[in-house]
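Biologist: Hi! Could you walk me through this one while I have it open?
Modeller: Happy to, let's take a look together.

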Amino acid sequence: MSTHPVAQVPDRLFADDEAETRWRARFHAARVSLPDWALHAPDRTVYVSNASGVWEVYAWDRATDTHRQVTDRPNGTLHATVSPDGEHIWWFADTDGDEFGTWVREPFGGRPAGADAPPAVPGTPAGYPAGLEIGDEVRVVGVADDDGTTIFLARGDAEAEVVYRDEHDGGVAALSYDETLLAIAHSEHGDNRHPALRVLSVADGSAVAEKWDGKGKGLTGISFSPVEGDQRLLVLHERRGREELLIWDVAADTEREIALDLPGEVAADWYTDGSALLVAHTHEARDTLHRYDIATGELTTLDTPAGSIGSAHARPDDTVEYSWSSAAEPSAVRARFADGTERVLLTPPGERAPTSAPLTDAFVDTEHGRVHALVARPVDAPDGPLPTVFSLHGGPHAADEDRFSAYRALWVDAGFAVVHVNYRGSTGYGSAWRDAIEGRPGLTELADVRAVHAWAVESGLADPARCVVNGASWGGYLALLALGTQPDLWAAGVAGVPVADYHAAYEDEMEPLRAFDRALFGGSPADLPDLYTECSPITYVDQVRAPVLVIAGENDPRCPIRQIDNYLDRLATRGLPYEVYRYDAGHGSLVVAETIKQSLIEVSFALRALDRAGALDPS
């Protein structure tokens, strides 16, 4: 049992009732995802929502406008889809957030009272999900475990058979509309960060086509054309140093690259008649939507509000539905019709979340390139330097965007400026920026964080005596690493579900992440022990000077608990103020009350740490 100091959980953060109510309302406000619809029964859709207080799966029959909560589990359910005929809902059943489980299914109208949802594909073992494709007659399930990747295929109600097995990381990519071809992603070349594609015959599992762009250039199979007999596969490539599109005609073994006159990076999917693509474009933390006509090459911009697009799809009548938010405005699911009109598609129950402060951009030039940062500050803040939290995103291959965040808003309400840093390793800024951390992860990102910290202090935004570093997952790893390698910069640190001891983390984490680490570092800890040591927070624990808060999930398969305990045991010998909060779930929580509790713990800890150091402005 842990003997480390348990984090304090105050009853409230603000003395003012209105302020206290406002920040909690942002977390409690119900949210919904973009509904996923059945290919042959478009009125039958599924989505996830936190309306019950836990993120769960819901069914929505648009024809009758009826909604039904499908799942009800203590730690929530996040992954679900609907079969093409609309008759069944599939959802992934893990245990307490450990991400290890099986796909189950139930009738769209609901299962009998007291009955459990049965396995969706008999004969598939439990594992980590590695892709899923559901056809009318064919079901394909990818399973990852310590032995690598296995892909199972089932026809009708027959038990599944193995069509692919390899020790390397891989997964299911796409099933052709006529259910004759299956595209899979693989990393048999040893790099799951830059995967290759293979197309298999559904009839016998034989390979019918291969595509690999070589070292350092990944390919992502998005989907086959949704037209009978059309075997064109939409693919994401990075041949010119950023993510772009191509259409691969597998039957003819020809391809067409789609060069769009857009900065930044793109993703896409098909319109339902296969004549056009719905393109999602990301540039400098904001998103736009476009329609690309395949025959003419014409690109049309769809009018959407400024901010971030969570996901989008085109319906059979060419209506484009999408989820959207901005830093100032909470999320909404919207429908843009073919005539250009638009409305909110799906309104969750209850009150809408209160608004928050907008994000502004900062571009910091360094010897390694221009670092993009996003900044929020309290609306009524004084002009002078502010207590500032540097909130570092996870991934590492992700990016902070201009999207709504109740978590960010809480820090702003508490009087902090918030700085997000899209450090090297982030997506959306080209392949070279994303891959710049190869061979020296962690320390590379922190050089960019240091540069943005210097800008924030020199510009008058941040008080150097009141800077906090925080993050979760990879961001939590960076926060711990920053506290040990940059002790002069930070007055406090908050690390959620972090990598803390890289050697032990590698031993205990799920195999797909071990493969990711081998690709990122250039080998395993056995191959490169000194490099893993150099990039591990526990190496620098004796240099930490600031108070530390660590939040950890007991069932976390990504940043397992043992390696966090190793770090805490070393930290305990230092005599520094530190606190620990452990919760009974995995890599984050889907329970609203738990999220509120953790956020309250984090901000309260930071305020107390600054107060203890005499760094809070007495005014």
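**A look around the model**

Modeller: Buried residues make up 57% of the 619 residues in the protein. Keep in mind that this is a predicted model.

Biologist: Thanks! How many helices and strands does the protein have?
Modeller: There are ten helices and 35 strands. The radius of gyration is 24 Å, close to the 25 Å from the globule rule for 619 residues, so the protein is as compact as a globular protein of that length.

Biologist: And what box do the C-alpha atoms fill?
Modeller: Along the principal axes, the box is roughly 70 × 55 × 55 Å.

Biologist: What share of the contacts with a separation of 6 or more comes from residues 24 or more positions apart?
Modeller: Those pairs account for 55% of such contacts.

Biologist: Let's switch to Asp287. Where is Asp287?
Modeller: Asp287 belongs to strand E22, which covers residues 286-293.

Biologist: Is Asp287 buried or exposed?
Modeller: Asp287 is buried, and it has no salt bridge. Arg286 is the nearest side chain of opposite charge, and it is 8.8 Å away.

Biologist: OK, which side chain makes a polar contact with the side chain of Asp287?
Modeller: That would be Thr282, with a polar contact of 2.8 Å between the two side chains.

Biologist: New topic: what is the strand order in the open sheet of four strands?
Modeller: The order is E1-E2-E3-E4, and the pairing is antiparallel. Strands E1 (36-37) and E4 (66-69) stand at the edges with a single partner strand each, so one side of each has no neighbour in the sheet.

Biologist: How many bridges pair E2 and E3?
Modeller: Six bridges, in the antiparallel sense, between E2 (residues 44-49) and E3 (residues 56-61).

Biologist: Last one, Leu13. Where is Leu13 found, and why does Leu13 count as buried?
Modeller: Leu13 sits in the segment before helix H1 (17-28). Its relative accessibility is 17%, and the cut-off for buried is under 20%, so Leu13 counts as buried.

Biologist: How far apart are Leu13 and Leu600?
Modeller: In sequence they are 587 residues apart, but C-alpha to C-alpha they are 7.0 Å apart in space. Leaving aside neighbours within four places in sequence, the contacts of Leu13 include Leu600, Trp23, Leu410 and Val603.

Notes:
Residues numbered from 1 in each chain as written. Predicted model: local features only at pLDDT ≥ 70, side-chain atom pairs only at ≥ 80, totals over all residues. Heavy atoms only, no water. Helix = DSSP H or I, 4+ residues; strand = E, 2+ residues; numbered from the N terminus. Buried < 20%, exposed > 50% of the residue type's maximum accessible area, 1.4 Å probe, protein only. Lys, Arg positive; Asp, Glu negative; His and termini not counted. Salt bridge = Lys/Arg side-chain N within 4 Å of Asp/Glu carboxyl O. Polar contact = N/O pair within 3.5 Å; in protein donor to acceptor, adjacent residues only side chain to side chain. Pairing = 2+ DSSP bridges. Rg over C-alpha atoms; globule rule 2.2 N^0.38 Å. Contact = heavy atoms within 4.5 Å.
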